[in-house]
Structures are given as structure tokens and as C-alpha cells.
Amino acid sequence: MRGQVPDCAVQVPGSLQEALEILAREPGRWRPLAGGTDLMVPFAAGRLADTRFLSLQRLDVLRAVEPDPEGITFGALVTYTQLRQHPYVQRHLPNLAQSARVTGAVAIQNRGTLGGNLVNGSPAADTPPSLLAYAAQVELTGLGGARWVPVDAFHTGYKQTVMAPDELLTRIRVPRPEPGFHFYRKVGTRAAQAVAKVCLAAYVRVEAGMVREFRVGLGSVAPVPMRARAAEAVILGQSVDRLPLAEARAALMEEISPIDDIRSTARYRRIVAGNVLVQALMELDEALSRC
Ligand SMILES: Cc1cc2nc3c(=O)[nH]c(=O)nc-3n(C[C@H](O)[C@H](O)[C@H](O)COP(=O)(O)OP(=O)(O)OC[C@H]3O[C@@H](n4cnc5c(N)ncnc54)[C@H](O)[C@@H]3O)c2cc1C
């Protein structure tokens, strides 16, 4: 633990309007601070050039969780603990519940937020693959109003997003999936407290023996969390009795662009990502044969 806290300034606005006004006055000068679980690491190490924080802690409007018949809307400050304990999430969005369960340990789950995980933009983050598989959207709000952006279009490059410096990520909307098959797997060095080497979330809806919906979200295999659109296209519309597993695996391995780093190699990530996709589709087959 560090005894000396670097100099910093913190503003703690009491309303969203006030927060947005501060951002608009000096775009890029004030760094939104949610749970602080990402920000406090470089801050404590003296690696944050910008030490002006705009704390979101008093913005209770960003803590709301609002389920409705068509889906659920989360305020950006919803924590992993809230996510994993929420009955709607457990019932309809098991991949998201599982992402929250495998994120950090209890302290991180109590403090870390869904909004922070998205904006931080790590390609290895655990919730984006699930949000991609569920075709979620994020709401970005500035003084001029709010706009909705698909999670798929939110990250533009390594730790880059479409969010403007005078905007906040305010809400995350997840449409309620039709009954279907859900799959989530994080491959890490350990079962707990590990950064993903590969992460894959999938949602599949089968009707009359044919794959009618299929979305795959991936983490740790590209500069951004990504949809496996080529692999999805191979499987979509196919009969579940004759899924072209090898073709889907090859398409996924082709469309990702993993790197070598301290946690793994590009080769390992490519092979494992392909294998995990096959695992998901084989588990789909098993689940259907039990019906
Ligand atoms: C020990 C440890 C273990 C971890 N394990 C995992 C793990 O297993 N999986 C994983 O995915 N992550 C993990 N993390 C990373 C981190 O906990 C998550 O990314 C978390 O969700 C970040 O949320 P936060 O609220 O703490 O974000 P903060 O640290 O407050 O902010 C992160 C970034 O997002 C911006 N930001 C936050 N909220 C908003 C908003 N509403 N609008 C605009 N900008 C915003 C901030 O300015 C900052 O750039 C871990 C971190 C630690 C320290």
C-alpha cells in the first residue's frame, strides 16, 4: 500500500446535469471516476497524467436497474455484485451473470461497475463478450442529449471508444432474449482472479431444428471486444443436426487477430478460441438432445 497519495482534484457533482456541465466546460480535463478499480491502479502508481476526477458516486440515477417486458436497462454504475444477484439477469441473461461472477474477487465485484468495464475498453474485459452476444446497446449522454450505440460499435481501437470527451456512458440496454441456449467461457491461468486469455460468450436460438439466431462475443483475441461475424454466418440458418463445426472454427480462427503477450501467445489464443466455439456448439447439441 502507498503512504503517499499523488496530488489530485476531485469534483463530486450531485446531479447528472451538473456532471455534464463540468465535462462540457473543459472537455477531456475531468476524468469520470466510477468504482475506481481500473483508475486507482495507475493513479496509485503515479502513472496517471490527468489527476482531475469527476466522481459519479452521487449520481444515483446511474444506479437504476429497470426490467420491462422487452428487456432490461442498467444504470452505468451497476456493480458486478448487483448483476450476479439480480433475478432477471440470472434467469434471462445467464452469460452476463457468469461474466460478473468471474470478474475479480468480491471486493472488485462490490465496487467495479458495468459502465467502467465498457469505457475502460480493455479487450480482455469480461462483460463485453456477453453484452455482444446479447446485442446490447449503450447510452451516451452529453448536454445536447443522449444517443444509443450498439456495444458492437462502441469500441473503435485498443482502449478507444466512440464516446466524446463531454459525454458520459449513462445506461446499458439489453433486449430480452427469446428462450435459447447460452454459453460463456473464460479461459485464464486460474479458475478465479485471472485476466482472460480467451473469453467467448454465445447465444443461440433454434426453431424447428434450424439455427435462427446466433451471436458470439469474444474477448482477448483482438484489439477490441468483437463479434465473431464470420463464424456466426457459417452457423446461421443451418440444421442443428449437421452443424458445420470445422468450417465455423476455421472462420473464427481467421477473423480474430490475437497477440503474444505476458499471458499467452497468439497461436494459443487462436486455437483455443476456435476450440471453445466448437465446445459451445457441441454443448448446444447436447442440450437439444436432452429436450
Ligand atoms: C484486482 C483487480 C481485478 C480485476 N479483475 C477483473 C476481471 O476479472 N475482469 C475484468 O473485466 N476486469 C477486471 N478488473 C478491472 C476493473 O475492475 C473493471 O474493468 C471494472 O468494471 C471497472 O469499473 P470501475 O467502475 O471501477 O471503473 P473506473 O476505474 O472508475 O473507471 C474506468 C474507466 O472508465 C471511465 N468511466 C467509468 N465510468 C464511466 C461512465 N459512466 N461514463 C464515462 N466514463 C466512465 C473512467 O474515466 C476510466 O477511464 C480488475 C481490476 C482489479 C484492480
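1. Start with helix α1 (residues 16–25). Helix α1 lies across β6 (137–142) and β10, at about 125 degrees to β10. Contact means heavy atoms within 4.5 Å. Axes are lines fitted to C-alpha atoms, for helices over the stretch in contact, and angles run from 0 to 180 degrees between N-to-C directions. Helices (H or I, at least four residues) and strands (E, at least two) are DSSP runs, numbered from the N terminus.

2. A word on the basis. This is a predicted model: local features need pLDDT of at least 70, side-chain atom pairs count only at pLDDT 80 or more, and totals for chains, interfaces and linings use all residues. Residues are numbered from 1 along each chain as its sequence is written, and side-chain values use heavy atoms, with hydrogens and water left out.

3. Now the division of the chain. The protein has domain 1 (9–55), domain 2 (60–175) and domain 3 (181–290). These bounds come from an automatic or database domain assignment. Taken over C-alpha atoms, the centres of domain 1 and domain 3 are 36 Å apart.

4. Next, the five-stranded sheet. This open sheet runs β4-β5-β10-β6-β7, with antiparallel pairing. Two strands pair if DSSP finds at least two bridges between them. β4 (65–68) and β7 (145–150) each have a single partner strand, so one side of each is left without a neighbour in the sheet. From one strand to the next, the twist averages 20 degrees. Four bridges join β4 to strand β5 (residues 71–75) in the antiparallel sense. E66 has T73 in β5 as its bridge partner.

5. The four-stranded sheet is also open. Its order is β11-β12-β13-β14, and the pairing is antiparallel. β11 (181–187) and β14 (226–227) are the edge strands, each pairing on one side only. Strands β12 (residues 198–207) and β13 (residues 210–219) are antiparallel and share nine bridges. A202 stands opposite V216 in β13. Helix α12 (residues 266–290) packs on this sheet and touches β11, β12 and β13. The direction of α12 makes about 150 degrees with that of β11.

6. Which residues come nearest to the ligand? They are P32, T37, D38, Y80 and T113, out of 30 residues around the ligand. Near means that a heavy atom of the residue lies within 4 Å. β2 (31–33), α7 (114–120) and β10 (168–175) each supply at least two residues of the shell. α7 gives the most, with four residues.

7. Finally, polar contacts (pairs of N or O atoms within 3.5 Å). A polar side-chain atom of T37 is 2.6 Å from a ligand oxygen atom. Polar backbone atoms also take part: that of G35 lies 2.7 Å from an oxygen atom of the ligand, and that of G104 lies 2.9 Å from one. On its own, the ligand has 980 Å² of accessible area, and the protein covers 86% of it. Such areas come from the Shrake-Rupley method with a 1.4 Å probe.

Notes:
A polar contact is a pair of N or O atoms within 3.5 Å; within protein, one must be able to donate a hydrogen and the other to accept it, and residues adjacent in sequence count only if both atoms are side-chain atoms.
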